[in-house]
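This report is meant for a reader who is meeting the structure for the first time. Please look over the sequence and the model shown below before reading on.

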Amino acid sequence: MEGLLVFILVAILLIIFFAKSIKIVPQSSTMVIERLGRYNRTLDSGINLIIPILDKPRVVTWDLPSSAVQEKRRSAWIDLREQIYDYPKQQVITKDNVNVEIDALLYFQIIDPEKAVYEISNLTRAIEMLTQTTLRNALGELELDESLTSRDTINMKLRDILDDATDKWGVKVNRVELKDITPPASIQEEMEKQMKAERERRATILIAEGEKQAKILEAQGYQESQISMAEGEKQAAILKAQGEAEAIEKIKAALGSDEDYTKYMLAVKYIETLKEMVSGKDNKVVYMPYEASGVLGSIGGIKDLFERK
């Protein structure tokens, strides 16, 4: 019976020993193993064997800044996935002495578990403090307007600074996102008034531009119409002149000599002039130049002129 009890006891101890020597690591996780208090190795995902009593997982303290109340978690498991930390809102003073409230998100990933465990005592707490300090320094160099309009630039700057600072901790900072930048209520009211005034100014400019374009188009239309009218009058004058020239040529051909043509044209012009002189409604007296009698005398000769022709 004693031998059986010893055998059972030894078997139980062996089972416990083998159970303690097997470590199953989930995917995207790891565990730091210490042997006699010193770093030994980092376990990969899957089944791993350790030596009980000599080897022991290193327990790490993690803060949970995304929770409403700051909590601590002690665990031997190290998550290698990208982690999101939603830090509590904090007050930051800008370059122009405006106290704004900042709400930020941090995306980071542990790439070297050994450094994350041994180079810093509380990794998540250290990252939180570093993020807050970096936010204050970055926004303290900018005025309020720049902070509100250059959010992408601030995000990239914060990411570069934090990634460089956390490299010695075995951490890769992938992104930093400013969810919200909230100025004081008085500043928000002034900004709304300014935006309203800017919208009204733009509306006034648009109306003025529209009126300006309308006047320009109207002037262009008037100019084009005047040009068209002038072009029409020009063409009419040309055609009239061409008609008169053809008539003169025909008259010259009919009369046969320049002297007869001259007499004919003078008589015609005097007849037209006399017609205009006596066409007035109230004209009672008509004054004629003395030289007109000679011309009128030549009019009678037109009959003889055409009879000869």
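## Salt bridges

The side chains of R81 and D79 meet in a salt bridge, with N and O 2.8 Å apart. The model in which this pair is found is a predicted one, and a search of the whole structure finds eleven salt bridges. Of the two partners, R81 is exposed, with a relative accessible area of 51%, whereas D79, at 25%, counts as partly exposed.

A salt bridge also links the side chains of E82 and R175, at 3.9 Å from N to O. Because E82 lies in the loop between β8 (77–79) and β9 (83–86) while R175 belongs to strand β12, this pair ties together parts that are 93 residues apart in sequence. E82 is partly exposed at 38% relative accessibility, and R175 is partly exposed at 35%.

K172 forms a salt bridge with D163, and their closest N and O atoms are 3.1 Å apart. Here K172 is partly exposed, with a relative accessible area of 35%, and D163 counts as partly exposed at 21%.

Helix α5 covers residues 151–166, and its 16 residues should span 22 Å at 1.5 Å a residue, which agrees with the 22 Å between its end C-alpha atoms. Within α5, the residues I154, N155, L158, L162 and T166 are buried. Seen down the axis of α5, the buried residues fall within an arc of 100 degrees, so they line one face of the helix. They pack against β11 (99–110), α3 (123–140), α4 (144–149) and β12 (171–182), while D152, T153 and D164 are exposed on the other side of α5.

## A buried residue in a strand

N48 lies in strand β4, which covers residues 46–49, and N48 is buried, with a relative accessible area of 14%. A polar atom of the N48 side chain lies 3.2 Å from the backbone oxygen of G46. Leaving aside residues up to four places away in sequence, N48 touches S21, I22, K23, V25 and L43.

## The chain as a whole

The secondary structure of the chain comes to eight helices and twelve strands, and buried residues make up 25% of its 309 residues. The chain exposes about 21400 Å², of which carbon and sulfur atoms supply 57%.

Technical notes. Residues are numbered from 1 along each chain as its sequence is written. This is a predicted model: local features need pLDDT of at least 70, side-chain atom pairs count only at pLDDT 80 or more; totals for chains, interfaces and linings use all residues. Side-chain values use heavy atoms; hydrogens and water are left out. Helices (H or I, at least four residues) and strands (E, at least two) are DSSP runs, numbered from the N terminus. Buried means under 20% relative accessible area, exposed over 50%, partly exposed in between (1.4 Å probe, protein chains only). A polar contact is a pair of N or O atoms within 3.5 Å; within protein, one must be able to donate a hydrogen and the other to accept it, and residues adjacent in sequence count only if both atoms are side-chain atoms. Contact means heavy atoms within 4.5 Å. Accessible areas come from the Shrake-Rupley method with a 1.4 Å probe; for residues, only the protein chains shown count as cover. The expected span of a helix is 1.5 Å times one less than its number of residues. The arc is that of the directions from the helix axis to the C-beta atoms. A salt bridge is a side-chain nitrogen of Lys or Arg within 4 Å of a carboxyl oxygen of Asp or Glu.
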